[in-house]
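Good morning, and thank you for coming. Please look at the structure on the screen while I describe how its parts are arranged.

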Amino acid sequence: MIRKLKWRQIISYIGITILIALFFSVLVYFSQIQLRPEKPPSLGISFLWQSIIYDWAILIPAINWFAARFRIECDNWLRRLPIHLAAALFFVLAHVVLYTFSFYLYHNFSPPQYSHYLDAMQTFFFSNWLVSTSMYFLILSFLTARDYSRRFQAEQLENAELKVKNAELNSALAASQLSALKMQLHPHFLFNTLNSISTLLHKDTRAADEMVARLGDFLRLTLENSGEQVVTLAEEMNFIDRYLEIESIRFGDRLRLERQVEPETLQARVPNLILQPIVENAIKHGISRQIRPGKISIRAQRVGEKLQLEVEDDGPGLQNGKSGNGGIGLANTRSRLFNLYGDNQQIEIANGAIQGLIVKLEIPFETNKEIIQQ
């Protein structure tokens, strides 16, 4: 909005205007002396003629207030035009009053060519009304253009601040979702692991000791990456290895792991803990539901500008071939991928060609450490 001026600013503005008028009056005075040395002009006349312009400068604070009160917009300019035409008449009269006062002041309030103050005002009004009206609308146009410029800059700043705020909110949301995922993951996983350790203590103390050691490694990695939203695929695979080492002790020969990870994908950046809930689902719904040995395959490849990740098990798969949501773990995965990449990501769940289940993720292939930190 057009900024309104305070009284101190108005007084300072009028004082500066008068000083500028005096400065230019002196310049005109000395230039006229050089042009016509035989008939030097009067300094008062020079200042009087300058007041035709600078009297308008004195009126600018009032015009500024009026422009703020009746601001012209694209949708209201036709309704505001009569108001500003009336205002133009008012300010033209105000300018005539100021100029007539300057004229009378120069002639010690008794100019020979005018018998009355109103006669002088009438003459000055009809001789200058067109120029004065144009001057009002010129000043109004300048103030309106300045107003639009300031509002545009304010909107740009507000949009920039809004983008930063949205980025911070998205970052907080992603962090909270990661924390929620860990809270859902760890109690369930720890319960199963501790139950397995308790069972092994009575059957195989060596295996129980090994599981405790692997559990310590797993928890250490979890704490080390607790504040990271994205990690390299190599770090994510290291985490999965620690997790599967514990599960391998639980399931023994019933669990086999197959990795088909292209070397160039190991430096790709992926969301932290993105594979763990998928692998956990594969073990829970695939391996643990069958007596025979099972296999989990993890594949990673680059396809153009995309990184494709697949987790496949050879368990019973989806009943009747119908897709499902995969429970809490995959629901969190879907939400996290959408918050990080928007529509530039994809997750698919389908039965394998022969048996089992395949979960496929597709995200942008990024290796820069400065990628999305939302």
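Predicted model: local features only at pLDDT ≥ 70, side-chain atom pairs only at ≥ 80, totals over all residues.

Angles here run from 0 to 180 degrees between N-to-C directions, with axes fitted to C-alpha atoms, for helices over the stretch in contact. Contact means heavy atoms within 4.5 Å. Helices (H or I, at least four residues) and strands (E, at least two) are DSSP runs, numbered from the N terminus.

Helix α7, residues 276–287, also packs on the sheet, where it touches β2, β4, β5 and β7, residues 357–364. Its direction makes about 145° with that of β4.

Residues are numbered from 1 along each chain as its sequence is written, and side-chain values use heavy atoms, with hydrogens and water left out.

Now the sheet itself. Five strands form an open sheet with mixed pairing, in the order β2-β4-β5-β7-β6. At its edges are β2 (255–261) and β6 (346–351), each of which pairs on one side only. On average, neighbouring strands are turned by 10° against each other, direction ignored. Two strands pair if DSSP finds at least two bridges between them. Between β2 and β4, residues 294–303, there are 7 bridges in the parallel sense; in one of them, Leu 255 has Gly 294 of β4 as its partner.

Which residues have the most contacts inside the largest nonpolar core? They are Leu 275, Val 279, Ile 296 and Leu 361, in a core of 47 residues. Such a core is a set of buried Ala, Val, Leu, Ile, Met, Phe, Trp, Tyr and Cys residues joined through side-chain atoms within 4.5 Å. Buried means under 20% relative accessible area, exposed over 50%, and partly exposed in between, with a 1.4 Å probe and protein chains only. Helix α6 gives the largest share of this core, 9 residues. Apart from this core lies another, of 22 residues, among them Phe 66, Ala 87, Ala 120 and Tyr 136.

Ile 296 touches, beyond four places in sequence, residues including Leu 255, Val 279, Ile 283 and Val 311. Val 279 and Ile 283 belong to α7 and are buried; in that helix, 10 of the 12 residues are buried.

I turn to the aromatic residues. The whole structure holds 5 aromatic pairs. Rings of Phe, Tyr and Trp (its six-membered ring) pair if their centres lie within 6.5 Å; planes under 30 degrees apart count as stacked, over 60 as edge-to-face and the rest as tilted. Phe 66 and Phe 70 form a tilted pair, 4.8 Å centre to centre with 45° between the planes. Phe 66 counts as buried because its relative accessibility is 14%.

Why is the pair of Phe 91 and Tyr 136 stacked? The ring centres are 5.6 Å apart and the planes lie at 15°, so the pair is stacked. Phe 91 lies in helix α3 (residues 77–106) and Tyr 136 in helix α4 (residues 117–201), so this pair ties together parts 45 residues apart in sequence. Both Phe 91 and Tyr 136 are buried.
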